[in-house]
Amino acid sequence: MGNWHGGGIRARIREMATRDPERKRFGACTHGYALAPPLPEAEIRAFEEFHGIALPAENRSFVAEVGNGPAGPDHGLMPLTVPRPEAGEEWAVDDAWAEDRLPGRLAAPFPLTAPLPGRIGTPVDELTRGTLMLAEQGCGIFVRLVLNGPYTGGIWQIDPDWGGFVPIGPDFRAWYTDWLAGP
């Protein structure tokens, strides 16, 4: 499912930046309302082949048509193929990004058969196999895209201390456009 109308999205993000010059909206000081260029098809295909996955259509087309992060929900979208330019500043998000790129991790079966609300006793790295981290909310809370199994394409939030690992959106398009529709 393509057709993101990249020009319209970029215009909306510029409007959001104009309305928030002091970057007071949550996460704006991190992503700065900036979009990296879209990725070439060959780079996306190479990522999928290396990891043995097929990205859900909405996420794949966004990266190909609109941009490879960072403007987006929470502290912004994580780039697909290269670390964020600020990587190395001791952010947990960079460790989660690197862990997702370990061989076999993204292609591993998503282990949950149902949402897991509440405090999590299982190590997070065991629960997040088969998912791709999209964004960080802060305080160890991450937004993840399910890559396989019955929840493929769903957007889940993992908050190991309080909220568990639960769905927060039906797909990437709904999650991202909800952010665009905000103030």
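This is a predicted model: local features need pLDDT of at least 70, side-chain atom pairs count only at pLDDT 80 or more; totals for chains, interfaces and linings use all residues.
Residues are numbered from 1 along each chain as its sequence is written, and side-chain values use heavy atoms, leaving out hydrogens and water.

**Backbone angles to look at**

- Most residues other than glycine have a negative phi, and most peptide bonds are trans.
- D74 has a phi near 60°, a positive value in a residue other than glycine.
- You will find D74 in the loop between α4 and α5; helices here are DSSP runs (H or I, at least four residues), as strands are (E, at least two), numbered from the N terminus.
- P70 also sits between α4 (57-65) and α5 (92-100), in the loop, and the peptide bond leading from G69 to P70 is cis, with omega near -10°.
- H5 is another residue other than glycine with a positive phi, near 55°.
- Look for H5 in the segment before α1 (6-19); its relative accessibility is 55%, so H5 counts as exposed.

- The 14 residues of α1 should span 20 Å at 1.5 Å a residue, and the end C-alpha atoms are 20 Å apart, which agrees; the expected span is 1.5 Å times one less than the number of residues.
- The buried residues in α1 are G6, I9, R12, I13, M16 and A17.
- Viewed down the axis of α1, these buried residues fall within an arc of 140°, so they line one face of the helix; the arc is that of the directions from the helix axis to the C-beta atoms.
- R14, T18 and R19 are exposed on the other side of α1.
- Among what covers the buried residues of α1 are α4 and α7 (172-180), where contact means heavy atoms within 4.5 Å.

**A buried arginine in a loop**

- R105 belongs to the loop between α5 and α6 (124-127).
- The relative accessible area of R105 is 4%, so R105 is buried.
- Setting aside neighbours within four places in sequence, R105 is in contact with E99, D100, D125, T128, R129 and G130.

How values were computed:
Buried means under 20% relative accessible area, exposed over 50%, partly exposed in between (1.4 Å probe, protein chains only).
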